[in-house]
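These are my notebook entries on one structure.

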Amino acid sequence: MDAASPSSKQIDPWRIAVVGFDHMHAGDQISVIKDHPRAMLVGAWDSNPDRMQQVCAELEVPPHLQYGDLDALIAETAPQIAVVCSTTADHRRYVDYFVERGIHVLLEKPLASTVNDARAIVGAAASAPGVLVGVNWPLAWYPVHRTARRLISEGVIGSVLEVHYYDGNRGPLFHTHGKHEVDDAEVAKAKASTWWYSAAEGGGSLRDYLGYGATLATWFRDGELPTDVTARTHISPGDEVDEQSVVIASYRSGLSTFQTRWGTFTDPWTHQPYPRCGFVIVGSAGTIASFDYAEAVQVQDNAHPEGQAIPVDELAPGDTGGVPNLIHALDHGLPLEGPVSLEVSMAGHLIVEAAAQSAADQTPVRLDTL
């Protein structure tokens, strides 16, 4: 199949491969693909076959779709889309690999682990017109945050002046795909060997969760970036990476804050911890509170200074996840837009890179120096 062909000619389901099981979202993506009427899982590959086989067994993916050789998967199944759930540090080489073969790519967030890799990914995508490359930010598909974005676009709170973000969970090792819980003993056992706690492989709460806040905040602000960023992180004794970060971003309209945390009292998908996970957006004519998993957006404006709850929107099928969104774009010949696009993800990544550098150097970092 020619990836640059007009996508409206695509009649059969899109042939999709899941590559890499370093991220627990690989299992979530397989579930989405299996349930989508326009998608077909044609293969899965991981450098660690035991890890892949365990997830595939739980999701009833037959053995003949599980590959130990990525080149063989590509040659035998001819996927049109690759969903990449590898370590963040490996994103660049997988984008290069798939783009060269005319295969569309959906990266499980974040975009990259360095600014050079991020720019290389953007460059690779630009070199292959007709091949779509995007980043799946699960938070971007929550109805509450998409409803918040709609209300901002409609001018309900005026111009966005501040975005305040707090998010995280008990830690990345406390759950697997489908948010299945892992006990404390297994977490302690896995911590020494997992990439999540490896600085070289893009681990840490800042790189895990700041990208969400920075990318969605950039989306809320129509692409506006801060001039500079100041960050502090907390790294526990014996760890390479942080489990907590606090970031201050300076915009023309004032200061915004982003906080990430591995170690919340509860996971937000079971019980919202305090501080609540999500966003508070301050505008020139009102405020919005958009908390993860909430069924309503809380809005203050001049007509309702006491606040009102606005039920979340029912999302269009193409706005419910990264795979549905990419398929919708391909089916209709559309570009990727919003947080999934490389444009917005790259903007958010600059904030992440500035924050990481600021935390390391203990000094503010201007984005125009990156």
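Entry 1, second largest pocket. I began with the classes of the lining of the second largest pocket, which comprises 15 nonpolar, eleven polar and seven charged residues. I note that the model is a predicted one. I then looked up the volume of the second largest pocket and found about 550 Å³. Its lining consists of 33 residues, and His25, Asp28, Pro138, Tyr142 and Lys179 are the closest to the centre. I next asked which elements contribute: α1, β7 (160–169), α8 (205–220) and α9 (322–332) each give at least two residues to this lining. The largest share, four residues, is from α1.

I recorded a volume of about 750 Å³ for the largest pocket. I found 24 lining residues, with Arg51, Gln54, Leu173, Thr176 and Ala190 nearest the centre. Helices α1 (25–35), α2 (49–58) and α7 (184–191) each provide at least two residues of the lining of the largest pocket. By class, I listed eleven nonpolar, eight polar and five charged residues in that lining.

How do α5 and α10 pack, and at what angle? I read an angle of about 170° between α5 (residues 115–126) and α10 (residues 342–361), and the axes lie 10 Å apart. Angles over 145 degrees count as roughly antiparallel, and α5 is therefore roughly antiparallel to α10. On the α5 side, I listed Val115, Ala118, Arg119, Ile121, Val122 and Ala125 as making the contact. On the α10 side, the contact is made by Leu342, Met346, His349, Leu350 and Glu353. I classed the residues of this contact as eight nonpolar, one polar and two charged.

Conventions. Residues are numbered from 1 along each chain as its sequence is written. This is a predicted model: local features need pLDDT of at least 70, side-chain atom pairs count only at pLDDT 80 or more; totals for chains, interfaces and linings use all residues. Side-chain values use heavy atoms; hydrogens and water are left out. Axes are lines fitted to C-alpha atoms, for helices over the stretch in contact, and angles run from 0 to 180 degrees between N-to-C directions. Angles under 35 degrees count as roughly parallel, over 145 as roughly antiparallel, 65 to 115 as roughly perpendicular and the rest as oblique. Contact means heavy atoms within 4.5 Å. Ala, Val, Leu, Ile, Met, Phe, Trp, Tyr, Cys and Pro count as nonpolar, Asp, Glu, Lys and Arg as charged, and the others, Gly among them, as polar. On a 1 Å grid over the protein atoms alone, a cavity is a set of points where a 1.4 Å probe fits but cannot get out, and a pocket is an open set with protein on both sides within 12 Å along at least five of seven lines; lining residues have an atom within 4 Å of a point. Grid points are joined across faces, edges and corners, and a volume is the space filled by probe spheres set on the points.
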